[in-house]
Amino acid sequence: MDFERGTNARATLLRVDGVINLFLGVLLMAFPEGLVETLGLPPSNERFYPNVLGAVLFGIGIALLLEASRLPGGMVGLGLGGAVAINLLAAAVLIVWLFWGDLELPTRGRVLLGVLSAALVAISSFELWVRWNRRP
């Protein structure tokens, strides 16, 4: 029973993380310039890099959902370890840019990137907590 509960919690975390990645991926692939300005994010003259990042995030989201729904012998996706690694690295890069990058962002942009960094660290911390407290 405890193992089943741990497996369900793991699948739920993977699904939540996957849906967030899918949403961010679609947003970046669409790259609506008005939204970027409204949020106070750094503008980009080219859509190439935001689109590629969006595609990567979308792919990660699909991999997480595959893993959450995997049946024995089924296709393997991205597990919690991979999700945690990606989230923490993304948060670290955002934090470095916020503190040491020469970004000219309005306050709302800095707040948004700070909240995003904190959310990535929070979901990764929770995923690690669930993993470490899961009993075999």
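**Inside first**

I started at Leu 14: beyond its neighbours within four places in sequence, Leu 14 is in contact (heavy atoms within 4.5 Å) with Leu 64, Glu 67, Ala 68, Leu 78, Gly 79 and Leu 80. I noted that this is a predicted model, where local features need pLDDT of at least 70, side-chain atom pairs count only at pLDDT 80 or more, and totals for chains, interfaces and linings use all residues. Residues are numbered from 1 along each chain as its sequence is written, and side-chain values use heavy atoms, with hydrogens and water left out.

Next I looked up the largest nonpolar core, which has 11 residues, including Leu 14, Ile 60, Leu 78 and Val 130. A core here is a set of buried Ala, Val, Leu, Ile, Met, Phe, Trp, Tyr and Cys residues joined through side-chain atoms within 4.5 Å; buried means under 20% relative accessible area, exposed over 50%, partly exposed in between (1.4 Å probe, protein chains only). H3 (48–68) gives the most to this core, with four residues. Helices are DSSP runs of H or I, at least four residues, numbered from the N terminus.

I also found a second, separate core of six residues, with Ala 91 and Leu 113 among them.

**Then the outside**

Val 121 sits in helix H5 (residues 107–133). Val 121 counts as partly exposed because its relative accessibility is 33%.

I then checked Glu 104, in the loop between H4 and H5. Glu 104 counts as exposed because its relative accessibility is 77%.

Conventions: Helices (H or I, at least four residues) and strands (E, at least two) are DSSP runs, numbered from the N terminus.
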